Amino acid sequence: MPDSPQKRTALALVEAFNRMDVPAIIAPRTPSCLRHFYPSAMAQRPQDTTTYAESLQSLHAIFRNFSLTLDELIEDSSNPKRPRICMWLSARADTAAGEYVNEYVWLLDFDESGERIVRTKEFSDNLMARDFFPKLKEAMGKERERKAAATEKGNNGL
């Protein structure tokens with residue numbers, strides 16, 4: 001049996017993340033699609049498509065050699081008017097603070113065609129994020145200072 005449209009869309013989304021191709025990541029989302037974050041203890045507001053694209057652009061500069069591995073995919077087609085895909089994913093990347101490793105569960109709700117994502121719910125390892133992102137922020141600050149010092153040194157040599 002061939003893959004459903006929503007499964008093809010979900011797999012293409014993973015491939016787009018592996019290329020960090022922001023337009024391809026955003027393309028299957030409907031204009032009203034919202035990205036919701038879980039667990040709710042993270043207290044993050046949903047992101048609209050524009051905010052999500054901006055977030056991805058900023059991460060593109062931070063995460064090098066980003067890879068997303070699909071560990072499991074479950075398809076729910078019990079309601080043909082609202083197909084769903086649930087994916088368990090493992091991520092890794094190189095950053096100024098060292099290796100980034102995280103796990104996600106994405107629940108993707110599709111339109112009736114299965115080709116457009118109307119809502120996402122993303123669960124992430126918030127303990128990892130709590131520990132990693134302060135280190136990343138510190139490392140990025142040091143990198144900015146190093147670059148500024150090198151630029152200043154170069155300008156003084158003129």
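In the predicted model described here, residue L68 is in contact, leaving aside its neighbours within four places in sequence, with V14, F17, N18, L89, S90, A91, Y104 and W106. L68 itself lies in strand 2, and because its relative accessibility is 4%, under the limit of 20%, L68 counts as buried.

Along its principal axes, the C-alpha trace of the protein spans about 65 × 30 × 30 Å. Of the 158 residues of the protein, 35% count as buried, and the accessible surface comes to about 9,600 Å², of which 54% belongs to carbon and sulfur atoms. Among the contacts between residues at least 6 apart in sequence, 57% join residues that are at least 24 apart.

Strand 2, which covers residues 64-76 and includes E72, also holds N65. Although N65 is not a glycine, the residue has a positive phi of about 55 degrees. N65 is classed as exposed because its relative accessible area is 57%, which is over the limit of 50%. A positive phi is likewise found at M20, again not a glycine, where the angle is about 50 degrees. M20 is placed in the loop between helix 1 (5-19) and helix 2 (22-26), and, with a relative accessible area of 13%, M20 is buried. Another backbone feature concerns the peptide bond that joins Y38 and P39, which is cis, with an omega of about 5 degrees. P39 belongs to the loop between strand 1 (29-38) and helix 3 (49-62).

Charged residues were examined next. The protein carries 22 positive and 23 negative charges, and the mean positions of these two groups are 4 Å apart. A search of the whole structure finds 8 salt bridges. One of these salt bridges is formed by R35 with E122, the closest N and O atoms of the pair being 2.9 Å apart. This pair links distant parts of the chain, since R35 is in strand 1 and E122 is in strand 5 (residues 117-124), and the two residues are 87 residues apart. Both partners are buried, R35 as well as E122.

A further salt bridge is formed by D109 with R84, whose closest N and O atoms are 2.5 Å apart. Because D109 lies in strand 4 (residues 98-110) and R84 in strand 3 (residues 84-95), the pair ties together parts that are 25 residues apart in sequence. The two partners fall into separate classes of accessibility: D109, with a relative accessible area of 4%, is buried, whereas R84, with a relative accessible area of 24%, is partly exposed. R84 and D109 are also linked with R119 in a network of salt bridges.

In the salt bridge between D3 and K7, the closest N and O atoms are 3.7 Å apart. D3 counts as partly exposed because its relative accessibility is 35%, and K7 is also partly exposed, with a relative accessible area of 24%.

How values were computed:
Residues numbered from 1 in each chain as written. Predicted model: local features only at pLDDT ≥ 70, side-chain atom pairs only at ≥ 80, totals over all residues. Heavy atoms only, no water. Helix = DSSP H or I, 4+ residues; strand = E, 2+ residues; numbered from the N terminus. Buried < 20%, exposed > 50% of the residue type's maximum accessible area, 1.4 Å probe, protein only. Contact = heavy atoms within 4.5 Å. Areas by Shrake-Rupley, 256 points an atom, 1.4 Å probe, with all protein chains shown as cover. Lys, Arg positive; Asp, Glu negative; His and termini not counted. Charge placed at Lys NZ, Arg CZ, Asp CG, Glu CD. Salt bridge = Lys/Arg side-chain N within 4 Å of Asp/Glu carboxyl O.
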